[in-house]
Amino acid sequence: PTDIDAGTVPRKLYIESYGCQMHLADSEVVTSIMQQQGFALTTTHKDADVIFINTCAIRDKAEQTVRKRLAQFNQVKKRNPEMIIGVLGCMAERLKTQLLEEEKIVDLVAGPDAYRDLPQLVQRVDDGHKAVNTFLSREETYADINPVRLNSNGITAFISIMRGCDNMCSFCVVPFTRGRERSRDPHSIVQEAQTLFEQGYREVTLLGQNVDSYKWSPNAALKGKAAIEKAQETDVVNFAQLLAMVADVHPDLRIRFSTSHPKDITDDVLYTMKAYDNICKYIHLPAQSGNSRVLQLMNR
């Protein structure tokens, strides 16, 4: 049912995103995956065959907003029982099967590392079952997927360069909802920036929970003998080097990045920003104020 036969009407997908820019970037990946399976994007949930809501779990207010929206979707579903409602992202990872089994307000739950499995999850719902995949990966970066730009002005775009976080701040759910930190192949990042420039985009923002700790090794996904054989082929690429690689795509392509962490930013990053006129002289640096002892207890 997910693939389109000749002459059939495509099923319609509606997707909403809440929370940080990472969720919007993920929704663009999800849209690409679903379009490859023959789904057409719609701008209104009332026309949709499948509704995905990409969620945030950083604050209770964000989750309450999503619950209210799910209630509205379920009112529409009463008139169209074939409609599929799915929760994606951080709230899906945090609550897992609670939304499916206890509250029974969705048909499908997928965590941030399970988006490749969405066509199969939709198929499972079509077959009359609830569907869930909240497996967190140590390798998934969606590097090979070309995102479909949503709500784009055609000038600015996000490029996800890494996923997850290893900081383990005591108040934060990110390591548990988005997984441990892993960096994306820099060559795929440069290729995405090149493609965007050719399409007319003139500013990209490199996205990560903590971009300053970006570190890619060609052996990251290899084990045993294969890792040993590859060990000397290519040096590790850090964030300063990645910045330079993207800036070299074209001098008319402006580069921004978000978010930075003061413990990980290096002088090399600052020198790279100075060396390239097209790297914007701007650092997104969230600061935490308070008593030093309490901040230490928070692992800040």
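Predicted model: local features only at pLDDT ≥ 70, side-chain atom pairs only at ≥ 80, totals over all residues.

Trainee: Where should I begin with packed helices, and at what angle do the axes of H9 and H10 cross?

Mentor: The general idea is that two packed helices are described by the angle between their axes and the distance between the axes. Here the axes of helix H9 (residues 239-247) and helix H10 (residues 267-275) come within 8 Å, and they cross at roughly 15 degrees. Because angles under 35 degrees count as roughly parallel, H9 is roughly parallel to H10. The crossing of these two helices, H9 and H10, is right-handed.

Trainee: Which residues of H9 and H10 meet?

Mentor: On the H9 side they are Phe 239, Ala 240, Leu 243 and Ala 244, and these meet Asp 268, Val 269, Thr 272 and Met 273 of H10.

Trainee: How do H7 and H9 cross, and which residues of the two helices meet?

Mentor: The axes of H7 and H9 come within 9 Å and cross at roughly 30 degrees, which means that H7, too, is roughly parallel to H9. The crossing of H7 and H9 is right-handed. From H7 come Pro 186, His 187, Ile 189, Val 190 and Ala 193, which meet Leu 242, Met 245 and Val 246 in H9. The residues of this contact between H7 and H9 divide into seven nonpolar, one polar and no charged.

Trainee: Is H9 largely enclosed or largely open, and how many of its residues are buried?

Mentor: Seven of the nine residues of H9 are buried, so this helix is largely enclosed by the rest of the structure. The buried residues are Phe 239, Ala 240, Leu 242, Leu 243, Ala 244, Val 246 and Ala 247. They pack against several elements, among them helix H7 (186-198), strand S13 (254-258) and H10. At the start of H9, a side-chain oxygen of Asn 238 reaches to within 3.2 Å of the backbone nitrogen of Ala 240.

Trainee: What does the contact between H1 and H5 look like?

Mentor: The axes of helix H1 (residues 21-36) and helix H5 (residues 118-126) come within 9 Å and cross at roughly 65 degrees. The contact is made by Val 30, Ile 33 and Met 34 of H1, together with Leu 118, Pro 119 and Val 122 of H5. Its residues divide into six nonpolar, no polar and no charged.

Trainee: Let us turn to the loops. Is Asn 210 buried or exposed?

Mentor: Asn 210 is found in the loop between strand S10 (203-207) and strand S11 (215-216), yet at 2% relative accessibility it counts as buried, the cut-off for burial being under 20%. Its side chain is joined to that of Asp 264 by a polar contact of 2.7 Å. Leaving aside neighbours within four places in sequence, the residues in contact with Asn 210 include Met 162, Glu 181, Thr 259 and Asp 264.

Trainee: What kind of peptide bond joins Ser 258 and Thr 259?

Mentor: A cis peptide bond joins Ser 258 and Thr 259, with omega about 5 degrees. Thr 259 lies in the loop between S13 and H10, and it is one of the residues in contact with Asn 210.

Trainee: Which values of phi do Tyr 142 and Asn 151 have?

Mentor: Tyr 142 has a positive phi of about 55 degrees although it is not a glycine, and phi of Asn 151, also a residue other than glycine, is positive and near 50 degrees. Tyr 142 is found in the loop between strand S6 (131-133) and strand S7 (156-160), and Asn 151 lies in the loop between S6 and S7 as well. Tyr 142 counts as buried at 2% relative accessibility, whereas Asn 151 counts as exposed at 79%.

Definitions and conventions. Residues numbered from 1 in each chain as written. Heavy atoms only, no water. Helix = DSSP H or I, 4+ residues; strand = E, 2+ residues; numbered from the N terminus. Buried < 20%, exposed > 50% of the residue type's maximum accessible area, 1.4 Å probe, protein only. Polar contact = N/O pair within 3.5 Å; in protein donor to acceptor, adjacent residues only side chain to side chain. Contact = heavy atoms within 4.5 Å. Axes fitted to C-alpha atoms, helices over the stretch in contact; angles between N-to-C directions. Parallel < 35°, antiparallel > 145°, perpendicular 65-115°, else oblique. Left-handed = near helix turned anticlockwise from the far one by under 90°. Nonpolar A, V, L, I, M, F, W, Y, C, P; charged D, E, K, R; others polar.
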